[in-house]
Amino acid sequence: MAYLQVENISKSFFGVPVLHGVGFTLERGEILGLIGENGSGKSTSMNILGGVHQPDAGQMTIAGETYAPASSRDALERGISFIHQELNLFPNLSIEENLFIRGFPRPRPWLPVIDRKRIRRRTEQLLDMIELKVPPSTLVSRLSQGERQLVEIAKALSTDAKIIIFDEPTTSLTRREIDRLFNIIARLKAQGIGIIYISHILGDVERLADRVAVLRDGMLIGAGPIGEFSVDRMISMMVGRSISQLFPERSRARTSEVVLEVMGLTQPGMIRDVSFTISRGEVLGLSGLLGAGRSETARIIFGLAPYRSGSVKVLGKPLQANHPRAAMEAGIAFLTEDRRGEGLMMNAPIYDNLALPNLDTHARPQTGWIDRTTLALRAEELSRRVRLNAADIASVLARNLSGGNQQKVVLAKWLMRRPDVFILDEPTRGVDVGAKAEIYKIINTLVEDGCAVLMISSETEELIGMCDRILAMSNGEVRATFEREDFDQERILEAAMQNGRREVA
Amino acid sequence: MKENNFRWVLHAVLRYLPLILFAIIVASFSLMSSRFLDLRNMVNIVIQSAHIGILGIGMTFVLLTAGIDLSVGAIMYLACAVFAVYLVALPIWLALLAVCAIGAVFGAVNGFLITRLNVASFIATLSTLFIGRGIALFVTGTQLITLPKPVLELGRTTIFGLSWTVWAFGLTLAVSLYVLSQTTFGRQVYAVGADPDAASKAGIDVKRILFFAFVICGFLAAVSSLVSASQVGSISPNFGIQKEFAAIAAAVLGGTSLFGGRGGVLGTVFGAILIQTVQNGLVIINADPYIYPVVVASIIFLAVMADSLRTNFLERIDQRPIRVEGQGS
Amino acid sequence: MTNLTEKLPSAGAVPSVQRPLWQRLLLSEYLVVLLCIVYFVAMLPIVPQIASLQTFQNILSDMLQLIVVALGQTVILIIAGVDLSMTAIIAMASVVGASVMTGTGGPLVGSPLATPAGILAMLGVGAAIGWFNGLCVARLRMPPFMVTLATTMFFSGVAIWYVTLKSTTTSIANLPRSFVVIGQGKIYGIPHSLWVAIAVGVAIHLILTRTVFGRQLFAIGNNRVTSEVSGVPVARRVHMAFVISGLCAAIGSILYTGRLETGSPIIGANILLDIIGAAVIGGTSLAGGKGKVIWTVMGVLFLVLLDQSLKLMGLTLFMVFAIKGAVILAAAIADAARTRLSGR
Amino acid sequence: MPIWVRAEGTKTIAVLFDGLTSEFLVAGMDAMQADLDSRGFKMLQAISNRDDNVQFEQVKSMIANKVDGIVIFHTDSNAVIPAIRAANEANVPMVHFNRPPAESDAYSVAVVADNRGITKTTVQYMVDKARASGRKYKAAILIGDLGDVNAIGRRDGFFDAVDPASDIIEVVARIPTEWNADKAFSGLTNALQANPDIDFLFASSDFMIPLIEQVLTPLDKWHPAGDPKHVMFGSFDGDSGAYAALESKHLDADGVQDLFFEAKASVDLILEMANGEKPAKIFPDPGFAITQDNLMTERDRMWGYSQWKKKNG
């Protein structure tokens with residue numbers, strides 16, 4: 001009987017199943033590497049373990065006793081603490097206060113005063129354990145991302161956790177900080193703390209984990225001691241299906257006519273000297289880890305972020321201004337990675353979402369009087385073209401659509417503008433396999449119509465399946481370029497993971 | 001790095017703009033009238049700003065949680081009305097306790113509406129403002145009521161030569177300072193205001209914190225009504241009217257942010273005194289009384305502007321500038 | 001105290017296809033219309049006079065000014081903002097306009113230009129203050145609540161002061177007949193102000209439903225970031241929205257001022273609740289992205305109907321206060337429940 | 001009173017006040033009620049809370065309610081005129097209680113105390129006393145809402161009496177109160193801060209007496225007449241608080257408007273107008289000044305005295 005036992009957990013959101021009967025075990029003092037593509041169910045299963053979500057079916061036990069957390073608080077009380085990818089700290093409070101915010105110790109039980117001395121001492125101990133050399137009274141807002149990451153760990157330790165879940169802990173860390181983190185994790189392990197380590201960086205998993213569990217499409221498709229898992233094996237298990245059946249062939253090849261030309265784009269602390277071109281009918285892939293500068297590049301091109309130097313040209317003409325409208329007028333469309341927050345108006349009907357970027361093109365220029373008939377016709381046409389399955393685009397709210405259909409809405413709203421350049425940032429994130437294939441088809445028809453596509457994805461095999469060329473970025477710089485003929489998952493990952501010198505901002 | 005230093009300097013200037021204004025105001029008034037700077041007048045200012053100060057301290061608790069309470073003026077009137085009409089018979093200390101209890105209960109109602117029925121604090125308290133005033137007008141029969149002797153005497157009682165209002169003011173400040181800085185509740189108020197989602201993930205009972213912020217606000221509104229009533233010795237139907245705005249102004253002047261999580265009661269007290277100083281000074285230099293509100297409003301406006309610009313800077317410093325910022329408030 | 005939170009209704013519930021009647025009612029956008037009718041019928045036996053032509057005319061003439069102002073507020077609520085300064089704009093426009101037109105000491109005594117000049121002045125004041133609010137909210141990204149609060153304090157102060165400069169009393173009288181008529185004139189019992197209200201209503205309805213500007217306002221209220229990413233010039237739109245609400249307040253001020261034949265700095269000083277309340281009762285959400293002209297009109301109708309009936313019943317001011325507050329609170333609770341039901 | 005009044009049978013009279021913000025108005029409302037009851041009439045009451053538009057709407061709905069007459073105490077003397085017009089159209093007689101409207105073509109009658117005259121006699125008594133004392137005085141006046149004709153009248157009455165005595169009385173502070181207690185409180189406090197030696201004080205309304213006591217006491221200036229530290233103190237209205245202050249000799253003189261007279265007159269005028277008569281637009285209430293000298297003889301005419309008797313048995 002393992003210390004933590006998770007048995008066939010199932011969960012679905014908005015009717016879309018994301019976990020089917022997932023199960024695994026964890027001993028104390030053991031490190032379990034949990035890997036899988038985006039949308040494979042890693043985060044969901046961990047959120048269930050951490051009490052953020054409740055499972056629809058299945059059960060969990062800790063040291064033999066049933067464990068069914070109703071909230072993250074319950075989880076903490078049972079010794080499970082979850083270090084989320086986006087940190088959970090209060091920048092307006094000091095480190096020590098962040099550690100004890102759930103309840104400060106009192107000098108005497110009857111005296112409702114914070115025992116500053118005690119938390120000071122305790123915090124100092126904890127900070128020593130994680131080798132963070134700052135006074136406990138420092139405001140968190142003054143700490144770097146990496147330091148904040150460490151404070152999160154200290155927080156977990158302060159609740160004397162038996163199990164700590166790390167979700168992509170290294171994405172925003174420098175190499176030095178990563179090494180330090182690994183030492184600490186090793187020490188935690190030595191203290192008999194069980195650790196679940198989620199990461200895309202298979203190299204790290206190989207280096208840290210004792211055992212590995214691989215998830216795909218919400219199912220556990222393999223688990224065992226690390227010895228049995230080479231990086232290649234992990235990858236093939238993660239990807240599973242043979243590339244060809246998932247990624248349809250494209251009829252027309254790319255032309256030589258350059259549509260988008262990016263020259264030496266630079267913004268300090270973000271990206272450095274990024275240059276590339278995309279021609280008609282070409283799909284260019286950007287691979288790299290979170291914070292490598294992929295999305296940042298896209299956002300700068302589309303005018304959502306400032307840049308210090310460099311230039312962006314569409315069909316030879318430089319963009320008029322650093323603003324989305326300028327980019328749109330030049331013929332660029334942009335599907336952002338944050339669908340709910342930036343792609344859609346969740347509480348508006350599909351029709352309004354489709355119409356939003358197309359109002360100006362369907363209205364009299366002077367009066368802004370909308371030609372509602374043609375707008376409605378176009379919307380209908382596009383929703384048919386992307387095979388949107390929704391009862392009535394005028395009444396159904398975006399919120400009530402499945403992830404795949406939501407993404408189709410975002411695609412359709414941009415397609416209505418007949419863009420020359422389409423930037424796709426994680427187009428298949430949180431989308432079930434079926435919808436993925438459809439989205440790939442849409443992208444292909446788009447490309448066949450002569451559009452130039454810039455595709456960003458954390459799923460290397462997706463890039464391999466869709467792209468003509470792939471640029472690997474890390475720490476804001478382009479590290480390598482791969483032509484279709486010499487695509488190779490491992491070399492691409494390598495390139496994406498090599499860390500150059502990086503100034504700590 | 002340089003940019004950041006520059007930002008922090010600018011940020012500091014914005015942060016302390018109210019202080020700078022205060023210095024300028026005091027300086028110019030004392031130049032215009034010799035009487036302005038004498039001790040007795042300083043005491044006057046504190047006495048006159050006591051009720052707004054106490055009200056503002058309560059408001060600060062709510063603002064720190066990124067909420068707002070527009071009903072405090074109504075609470076003041078209701079609490080005192082009930083007191084003057086029904087409780088005069090009671091021994092004074094008991095009556096005073098009752099008044100405070102009324103305020104706390106009213107605050108609890110607000111808290112209930114906001115935490116349990118999920119009504120936006122703005123509209124919830126705007127409605128209870130009118131309901132409260134309505135009930136109070138009913139209680140007083142919309143009449144002006146002269147308060148009984150004991151209250152008048154209370155208004156005049158001095159402890160060690162200082163009016164009781166000053167002591168009440170000081171005590172409120174001390175206690176709230178202690179609560180906000182030295183208790184779990186106080187620190188959690190700041191946490192909730194900074195990021196409610198993170199707070200609930202961290203296992204803080206967010207709703208509970210919000211609820212009690214409103215209870216405290218209501219309670220202090222009642223206290224402030226006692227201070228004010230004992231000064232004017234009577235309550236008319238426009239007693240406490242629009243005091244909510246004065247209180248919010250005091251808090252914001254003191255650097256409490258409407259976006260929650262930043263600020264404190266010390267600043268609020270300063271804000272209340274700043275407002276009162278301006279009015280007092282204007283009287284002493286015999287200025288046209290009709291420009292008082294105009295002057296005060298302009299100062300408040302400057303403070304708000306400084307606060308927002310500062311917030312924008314903080315956003316730029318804390319977050320990755322790559323993100324499109326959402327809308328404030 | 002922990003049980004405070006435990007029994008919380010769970011947000012984000014998945015909407016079921018077929019709902020119980022009460023939910024369908026709650027979710028229907030014309031709930032108010034129903035309420036109006038029900039209320040009216042319920043009142044008939046208690047105050048029969050409510051059915052008299054006289055009462056209907058009173059209700060109508062009381063609605064008009066409020067409609068115009070509330071529509072301005074609606075525009076701001078749609079972009080998830082709030083404009084507290086409308087009452088101050090009404091006061092300011094009233095006294096400035098009056099001082100321009102007044103027959104006693106006005107610059108244009110007797111001249112036929114007096115009225116048009118006065119109206120222009122009032123609209124100018126409204127637009128200017130609105131423009132300033134917009135500047136602070138859209139460009140300096142200051143919170144609308146605080147901005148409009150400050151401008152309210154400022155301009156209601158200025159309005160009172162201004163009068164003391166222009167007149168010995170706290171109001172400016174003696175306005176030209178041609179102006180006063182706008183506020184109180186009638187033909188066949190149909191007040192002129194009705195046409196003004198209709199014009200404003202239609203204009204705003206068309207702007208909101210038929211123009212790029214209008215649709216983009218909804219988008220901004222719905223999700224400001226998405227709008228930004230979809231190329232909406234958010235700052236420009238928000239700025240303009242405040243100018244519109246300023247203008248609406250000014251037009252409202254024209255009606256109020258004409259009605260009372262007096263430029264007074266306390267005109268409409270305490271109608272803030274009615275303004276916001278009317279919109280909320282109508283179904284406009286404080287969360288933004290939701291709102292219709294007809295909803296607000298219905299909201300105003302309900303408030304005024306309530307007012308009239310309470311007056312006819314001889315209820316005193318405080319009752320009116322409390323009941324109004326309660327009704328608006330109920331509307332807000334309903335809105336919150338709605339939001340939860342539809343699982344936002 | 002003519003017999004036909006009783007013959008009239010029952011009538012409904014609307015009494016619209018803009019607030020009951022002073023004991024005078026409260027007593028006024030009661031007096032109206034009492035008078036109407038004595039005639040077996042029905043009273044409809046409404047308060048507009050200083051909102052002209054609300055009051056206008058109240059007038060209109062009263063007309064819709066078919067009342068036989070309206071007694072109104074309005075906020076703004078200009079803004080009330082449309083209300084009068086509305087009443088004229090529906091030919092419902094309208095009487096202004098205690099506060100006259102601005103000049104206009106609309107017809108209504110106002111029962112008004114001679115504020116200026118009463119105040120003059122009141123302050124004159126103080127001035128004479130001052131002269132007798134042979135000292136020089138520093139004077140302050142708490143002025144009412146400048147939108148209120150009565151406030152203006154009382155201010156002018158004050159200066160009518162004080163200006164000729166400028167040799168011994170110097171007015172050092174004019175404190176605007178807008179009839180608002182806490183404005184008056186801080187205004188007076190600050191005025192005394194600027195001129196600590198103020199020793200001649202006139203309040204435009206009795207409702208300020210308690211707050212004046214609150215301000216003066218800590219400054220050791222609240223003492224009965226005869227005490228060397230006594231501040232010469234006059235006020236206006238004649239309410240119970242004023243009577244108490246007179247009796248305790250803290251108040252030297254008080255201008256009294258004859259409230260019962262005004263209430264009764266208002267109703268009589270409505271009846272006259274209902275009978276098609278057209279009384280003059282202004283119906284004066286002579287009022288009188290009650291002082292330390294005539295307190296015992298005149299107090300029975302002072303409405304505040306009867307209130308005071310009710311309170312203190």
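1. Setting aside residues up to four places away in sequence, Ala472(A) touches Ser287(A), Gly288(A), Arg479(A), Ala480(A), Ile492(A), Ala495(A) and Ala496(A). The model discussed here is a predicted one, and this residue of chain A belongs to strand β19, which covers residues 469-474. Because 26 C-beta neighbours lie inside 10 Å of it, where 20 or more are required, Ala472(A) counts as buried. Phe482(A), which is 10 residues from Ala472(A) in sequence, lies 8.1 Å from Ala472(A) in space, C-alpha to C-alpha.

2. As for chain A as a whole, it holds 18 helices and 20 strands. Its radius of gyration is 24 Å, close to the 23 Å given by the globule rule for 505 residues, so chain A is as compact as a globular protein of that length. The C-alpha trace of chain A spans about 75 × 50 × 45 Å along its principal axes, and buried residues account for 49% of the 505 residues in the chain. Of the contacts in chain A with a separation of 6 or more, 68% are between residues 24 or more positions apart.

3. On the arrangement of chains, five pairs touch, and the pair with the most contacts is that of chains B and C. Chains A and D, by contrast, are joined by no contact, and their closest C-alpha atoms lie 38 Å apart.

4. Between chains B and C, 45 residues of chain B are in contact with 45 residues of chain C. On the chain B side, the elements that give two or more residues are α6 (121-140), α11, α12 (243-253) and α14 (292-318) of chain B, and α6(B) gives the most, with 13 residues. Sorted by class, this side of chain B has 28 nonpolar, 13 polar and four charged residues.

5. Chain A also touches chain C, with 24 residues of chain A in contact with 20 residues of chain C. Two helices of chain A, α11 (324-329) and α12 (339-343), each supply at least two residues of the side that touches chain C. That side of chain A divides into 15 nonpolar, six polar and three charged residues.

6. The largest nonpolar core has 494 residues, and those with the most contacts inside it are Ile423(A), Ile300(B) and Met92(C). Helix α11 of chain B, residues 206-232, contributes the largest share of this core, 18 residues. Once its neighbours within four places in sequence are left aside, Ile300(B) is in contact with Ala249(B), Val252(B) and Leu253(B) and also with Ala150(C) and Met153(C). As general background, nonpolar side chains in soluble globular proteins tend to be buried together.

7. Within chain C, the axes of helix α4 (residues 53-78) and helix α12 (residues 234-260) come within 8 Å and cross at roughly 170°. Since angles over 145 degrees count as roughly antiparallel, α4(C) and α12(C) are therefore roughly antiparallel to each other. Residues making the contact include Leu64(C), Val68(C), Leu71(C), Gly72(C) and Val75(C) of α4(C), together with Phe242(C), Ser245(C), Ala249(C), Gly252(C) and Leu255(C) of α12(C). By class, the contact of α4(C) with α12(C) has 14 nonpolar, five polar and no charged residues.

How values were computed:
Residues are numbered from 1 along each chain as its sequence is written. Chains are lettered from A and ligands numbered from 1 in the order in which they are written. This is a predicted model: local features need pLDDT of at least 70, side-chain atom pairs count only at pLDDT 80 or more; totals for chains, interfaces and linings use all residues. A nonpolar core is a set of buried Ala, Val, Leu, Ile, Met, Phe, Trp, Tyr and Cys residues joined through C-beta atoms within 7 Å. A residue is buried if 20 or more other C-beta atoms lie within 10 Å of its own, exposed if 12 or fewer, and partly exposed in between; C-beta atoms are placed from the backbone. Helices (H or I, at least four residues) and strands (E, at least two) are DSSP runs, numbered from the N terminus. Two residues are in contact if their C-beta atoms, placed from the backbone, lie within 7 Å. Ala, Val, Leu, Ile, Met, Phe, Trp, Tyr, Cys and Pro count as nonpolar, Asp, Glu, Lys and Arg as charged, and the others, Gly among them, as polar. Axes are lines fitted to C-alpha atoms, for helices over the stretch in contact, and angles run from 0 to 180 degrees between N-to-C directions. Angles under 35 degrees count as roughly parallel, over 145 as roughly antiparallel, 65 to 115 as roughly perpendicular and the rest as oblique. The radius of gyration is taken over C-alpha atoms; the globule rule is 2.2 Å times the number of residues to the power 0.38.
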